[in-house]
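Colleague: I have a model open beside its sequence, and I would like to learn how to read its features one at a time. Could you take me through them?

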Amino acid sequence: AVMNVVANALDHARGRIELSFGFDEGGASFVVAVDDDGPGFSAEALERGCEPFFRGDSSRSAVASVAHYGIGLSAASEAAHAHGGTVELANRTDEAGRIIGARIIMSIPCSSGGPLRV
């Protein structure tokens with residue numbers, strides 16, 4: 001699932017991808033965030049981007065020589081949901097509110113027994 005998200009970012013980034021991971025504040029979920037500096041998501045893609053075969057985002061599907069079939073984010077979302085987690089799509093913005101890239105956050109619960117203890 002993470003590799004699908006990273007591959008998607010690689011296809012759309014202009015030159016920068018950042019991968020970060022850790023635990024949420026309570027330690028109950030493992031969180032992976034993938035940021036790119038590409039065109040970001042359209043409003044429709046923010047709502048429907050994890051639906052199977054969704055390809056309606058022309059700003060992100062206009063990448064030269066890269067075919068997208070609307071499977072990667074859907075597969076990542078299904079994998080996260082199968083483990084009780086989530087995948088969230090967002091745009092990164094600058095201080096003026098301009099889109100400066102996309103962000104995908106995947107969160108997977110560590111266990112059903114409460115916060116992780118190490």
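The dialogue below goes from the overall layout to the strands, the core and the surface.

Modeller: Please keep in mind throughout that this is a predicted model.

Colleague: Which elements does the chain have, and in what pattern do they follow one another along the sequence?

Modeller: The chain has four helices and four strands, and read along the sequence they follow the pattern α-β-β-α-α-α-β-β. Of the contacts between residues at least 6 apart in sequence, 56% join residues at least 24 apart.

Colleague: How should I read the pairing of the strands, and which strands are joined to β2?

Modeller: One reads it from the bridges between strands. Strand β1, residues 17-23, is joined to β2 by seven bridges, and the two run antiparallel; I17, for instance, stands opposite D36 in β2. These two strands form a hairpin with five residues between them, and G27 in the turn has a positive phi of about 75°. Seven bridges also join β2 to strand β4, residues 99-109, again in an antiparallel arrangement, with P109 in β4 as the bridge partner of S29.

Colleague: Is β2, then, mostly covered or mostly open?

Modeller: Strand β2, which spans residues 29-36, is mostly covered, six of its eight residues being buried. For the chain of 118 residues, the buried share is 33%.

Colleague: What is the general idea behind a nonpolar core, and which residues have the most contacts inside the largest one here?

Modeller: In soluble globular proteins, nonpolar side chains tend to be buried together. The largest nonpolar core in this model has 17 residues, and those with the most contacts inside it are V5, F41, L73, V87, L89 and I104. At least two residues of this core come from each of α1 (2-12), β2, α4 (72-82), β3 (86-93) and β4.

Colleague: Which nonpolar residues form a patch on the surface, and why does F21 count as exposed?

Modeller: The patch is formed by V2, L19, F21, F23 and F30, which together have about 480 Å² of accessible area, and its largest share, three residues, comes from β1. F21 lies in that strand, β1, and counts as exposed because its relative accessibility is 61%, where the cut-off for exposed is over 50%.

Notes:
Residues numbered from 1 in each chain as written. Predicted model: local features only at pLDDT ≥ 70, side-chain atom pairs only at ≥ 80, totals over all residues. Heavy atoms only, no water. Buried < 20%, exposed > 50% of the residue type's maximum accessible area, 1.4 Å probe, protein only. Pairing = 2+ DSSP bridges. Patch = residues over 30% accessible without salt bridge, like charges linked within 9 Å, V, L, I, M, F, W, Y side chains within 5 Å. Areas by Shrake-Rupley, 256 points an atom, 1.4 Å probe, with all protein chains shown as cover. Salt bridge = Lys/Arg side-chain N within 4 Å of Asp/Glu carboxyl O. Core = buried A, V, L, I, M, F, W, Y, C linked by side-chain atoms within 4.5 Å. Contact = heavy atoms within 4.5 Å.
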